[in-house]
Amino acid sequence: MAENGWEQYLTEYHDGHPGITEQVLAVARDAGGRSPYDWLVEAVPARSSTVVDLACGSGPVGRLLPAARVVGVDRSAGELDGARAGGTPGLLVRARATAVPVVDGAADAVVSSMALMVLAPLDAVLDEVRRVLRPGGTFVATVPVRSARQGAVFDEILAALGQAGTDYPCDLDGGSVAARLAGAGLTLVGNDTGLFIRTISDEDEAGVVVRSFYAPGADDARVAAAVAGLERRVRSGSVRVGYRIRRLVAVG
């Protein structure tokens, strides 16, 4: 799918399913009991007083940074409404990641949870990250590891949605990440992978999990089939779904 097609898809998806990513990932845990949001925030320096949250969604990261002044940026009005209703602190603004309404060098840190792979054009987004960061500031982003097998349940959902071979607009699975960050004046200092498990115990949860997958081009019939397949598994007992996630840490 072309970048402009992804942009339209993402706008419609998040306005129609506000908060769905948080619903799924907030209860996923790694071996240490951390959620993906906890893991991201651990890499933000404690001294950070101003943090920009790119593609903040329903605001889970902002709620974990109570000591910081947070500027949450998202292009979905539905997600921002959800963030406000959920008590996310700080300023929440509707804007693109390529035009962040923050002055140069104002942020101690910039974060982005599970969004960098769809923020296009990536080089322009990274340039904007560097612009708003103060010298020596920190950029932390988490992204899904799409190229690796995540487990039978995950793979079955993707296959049912017809998305097993679908690529995100921005390739972050290869070895070019450090070079692309460097092109924006950012130095990659951390590149770790974590596995987070979500347990699905009822059919309603199965529907939420399936619909949380980005599946451009998947029609209603495919989505319904994927939901039905996971519901069948759940009827026989709880199901564990693994999310393999990368955490990228860079400094400006």
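Analyst: What follows looks at one strand and its partners, and then at a pair of helices. The model is predicted, so to speak of local features a pLDDT of at least 70 is needed, side-chain atom pairs count only at pLDDT 80 or more, and totals for chains, interfaces and linings use all residues. Residues are numbered from 1 along each chain as its sequence is written, and side-chain values use heavy atoms, with hydrogens and water left out.

Strand 7 covers residues 239–251; helices (H or I, at least four residues) and strands (E, at least two) are DSSP runs numbered from the N terminus. Strand 7 pairs in the antiparallel sense with strand 5 (residues 133–144) over 7 bridges, and P144 stands opposite I245; two strands pair if DSSP finds at least two bridges between them. Strand 6 (residues 187–200) also pairs with strand 7 in the antiparallel sense, over 13 bridges, and here D192 stands opposite R247.

Turning to the helices, the axes of helix 9 (residues 203–211) and helix 10 (residues 220–235) come within 9 Å and cross at roughly 140 degrees, where axes are lines fitted to C-alpha atoms over the stretch in contact and angles run from 0 to 180 degrees between N-to-C directions. Helix 9 and helix 10 are therefore oblique to each other, since angles under 35 degrees count as roughly parallel, over 145 as roughly antiparallel, 65 to 115 as roughly perpendicular and the rest as oblique.

Notes:
Buried < 20%, exposed > 50% of the residue type's maximum accessible area, 1.4 Å probe, protein only.
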